[in-house]
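Trainee: Please take one part of this structure and look at it closely with me. I would like to start with the aromatic rings.

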Amino acid sequence: MAAFQARFDNFLEKGRKRVMDERNQFRMNIAEMKEDQRHKEREIEILTLKSKTHQQTLAKEAQETSEMQNAISTLKSRRDEQIARRDALKAQIAEVQQQLAAKRDAQRQHARYLDSHTRVNNPELAFWQDYLCMYIDGAGLNNRLKFTYTHINDRDWDKEAWFELDITSEYRIISMKPKLEVDEIESALDLVNDQKDFPGFFKRMRELFIEALK
């Protein structure tokens, strides 16, 4: 009986030990599983953060690429505008240069014309200057002359009247003193532009000034 009791107690002790060992092993397995789960969750968090960071980087790069393309497009548009403006300026400069060349050529031709007529008409011009109490000065420009009349007012012999004549191509009166009516000026200019009647023109201008000062 004592031997049986001893074997039975030994059996129970071994059973309790086995149960305790299995329970401890189970707890260890549970702890390891929980630790593995925590590691997995941490890895998932890290991967999620990396994925989010990567997406943000891609979005930023896409935005920078779009901004760069817009900047390039703007620069191209400005370049095209500058090229168009440069070409327009070149065309304008060429046109102005042609106009200046044509004007200089016309001035040279007119100067030759005046020079050829001056040699012939100098005695006649001197006569009309004395006859009409008129003298001629330069007006500060190569293509302008100033004509001044004296003794045009019976009450004041020192009073003068004058006009500046543009002789570039068609004769034009640029300024005068005293002022005359436009239609009277155009009528007088017709004498030189249409009829080449310089004496008649000088005489008519003196008459107009005398009338204006009455």
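Mentor: Start with the cluster: ring pairs join Phe147, Tyr149, Phe163, Tyr171, Phe198, Phe201, Phe202 and Phe209. Rings of Phe, Tyr and Trp (its six-membered ring) pair if their centres lie within 6.5 Å; planes under 30 degrees apart count as stacked, over 60 as edge-to-face and the rest as tilted.

A word on the source. This is a predicted model, where local features need pLDDT of at least 70 and side-chain atom pairs count only at pLDDT 80 or more, while totals for chains, interfaces and linings use all residues. Residues are numbered from 1 along each chain as its sequence is written, and side-chain values use heavy atoms, with hydrogens and water left out.

The structure holds nine aromatic pairs. Take Tyr149 and Phe209: their ring centres are 5.9 Å apart and their planes meet at 55°, so this pair is tilted. Tyr149 sits in strand β2 (residues 144-149) and Phe209 in helix α3 (residues 198-212), so the pair ties together parts 60 residues apart in sequence. Helices (H or I, at least four residues) and strands (E, at least two) are DSSP runs, numbered from the N terminus.

Buried means under 20% relative accessible area, exposed over 50%, and partly exposed in between (1.4 Å probe, protein chains only).

Now Phe201 and Phe202. Their ring centres lie 5.7 Å apart with planes at 50°, so this pair is tilted. Both Phe201 and Phe202 are buried.

Next, look at strand β2 again for a charged pair. Glu164 and Arg144 form a salt bridge, at 3.9 Å from N to O. A salt bridge is a side-chain nitrogen of Lys or Arg within 4 Å of a carboxyl oxygen of Asp or Glu. Glu164 is in strand β3 (residues 161-166) and Arg144 in strand β2, so the link spans distant parts of the chain, 20 residues apart. Glu164 counts as buried at 14% relative accessibility. Arg144 is partly exposed at 23%.

Asp166 and Arg172 also meet in a salt bridge, at 2.7 Å from N to O. Asp166 is buried, at 5%, whereas Arg172 is partly exposed, at 43%.
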